[in-house]
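Here is a short briefing for a reader new to this structure. Please look over the sequence and the model before reading on.

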Amino acid sequence: MTALRPASSADLDEIMVIENTVFGLEAWSRQGFQAELESDFGNYLVAVDDDGAVIGYVGLRVVPGSGDGDIQTLAVAQTARGRGLGRGLLEAAHERAAELGVRQMFLDVRVDNAVAQSLYRSLGYEVVGTRPGYYQPSNTDAYTMKATLR
């Protein structure tokens with residue numbers, strides 16, 4: 001059984017293992033991730049297994065009063081994939097966003113990540129733009145996707 005809970009700085013070591021494994025050279029820095037966890041606009045959740053180990057996370061950024069939310073990051077440990085955990089994390093972020101008055105959600109996804117794009121489309125996201133060279137250092141383009149929350 002997997003549980004979701006708010007992320008804290010105490011989770012940072014485990015988060016960074018997943019971050020570096022999943023995103024490689026394009027991973028966020030530890031300092032950058034720490035700043036996100038401490039931001040007044042950040043809402044981060046972790047998924048933990050029965051032993052309390054972090055096996056996934058999602059980051060939501062909401063600027064109060066804007067009506068918009070942005071999924072900053074989403075990752076699931078290799079060993080926990082294929083169980084719907086990414087969907088569960090994203091749905092939980094959507095619930096939190098709705099509580100904060102968000103009507104529209106945005107995210108960026110690599111143009112070559114068909115699995116993630118399929119997940120996002122299944123939750124109502126549509127491509128609204130392209131960001132050339134967004135992911136560095138690979139210089140990979142990103143699709144910007146948008147969904148309207150119900």
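How much space lies in the second largest pocket? The answer is about 150 Å³. Keep in mind that this is a predicted model.

- Sorted by class, the second largest pocket is lined by 3 nonpolar, 3 polar and 2 charged residues.

**The largest pocket**
- The largest pocket has a volume of about 1000 Å³.
- It is lined by 34 residues, and those closest to its centre are Phe-23, Leu-74, Asn-113, Ala-116 and Tyr-120.
- Three helices each supply at least two residues of the lining: H1 (12-23), H3 (85-99) and H4 (114-122).
- Strands E4 (68-76), E5 (104-110) and E6 (126-135) also supply at least two residues each.
- E4 gives the most to the lining of the largest pocket, with 7 residues.
- The classes in this lining are 17 nonpolar, 8 polar and 9 charged residues.

**Helices H1 and H2**
- The axes of H1 and H2 (residues 30-38) come within 11 Å, and they cross at roughly 125°.
- H1 and H2 are therefore oblique to each other.
- The crossing of H1 past H2 is right-handed.
- On the H1 side, the contact is made by Leu-12, Asp-13, Ile-15, Met-16 and Glu-19.
- On the H2 side, Arg-30, Phe-33, Gln-34 and Leu-37 take part.
- The residues of this contact divide into 5 nonpolar, 1 polar and 3 charged.

**The loop between E6 and E7**
- Pro-137 lies in the loop between E6 and strand E7 (140-148).
- The peptide bond from Gln-136 to Pro-137 is cis, with omega near 15°.
- Asn-139 is found in the loop between E6 and E7.
- Phi of Asn-139 is positive, near 60°, in a residue other than glycine.
- For background, most residues other than glycine have a negative phi, and most peptide bonds are trans.

How values were computed: Residues are numbered from 1 along each chain as its sequence is written. This is a predicted model: local features need pLDDT of at least 70, side-chain atom pairs count only at pLDDT 80 or more; totals for chains, interfaces and linings use all residues. Side-chain values use heavy atoms; hydrogens and water are left out. On a 1 Å grid over the protein atoms alone, a cavity is a set of points where a 1.4 Å probe fits but cannot get out, and a pocket is an open set with protein on both sides within 12 Å along at least five of seven lines; lining residues have an atom within 4 Å of a point. Grid points are joined across faces, edges and corners, and a volume is the space filled by probe spheres set on the points. Helices (H or I, at least four residues) and strands (E, at least two) are DSSP runs, numbered from the N terminus. Ala, Val, Leu, Ile, Met, Phe, Trp, Tyr, Cys and Pro count as nonpolar, Asp, Glu, Lys and Arg as charged, and the others, Gly among them, as polar. Axes are lines fitted to C-alpha atoms, for helices over the stretch in contact, and angles run from 0 to 180 degrees between N-to-C directions. Angles under 35 degrees count as roughly parallel, over 145 as roughly antiparallel, 65 to 115 as roughly perpendicular and the rest as oblique. A crossing is left-handed if the near helix is turned anticlockwise from the far one by less than a right angle, and right-handed if clockwise. Contact means heavy atoms within 4.5 Å.
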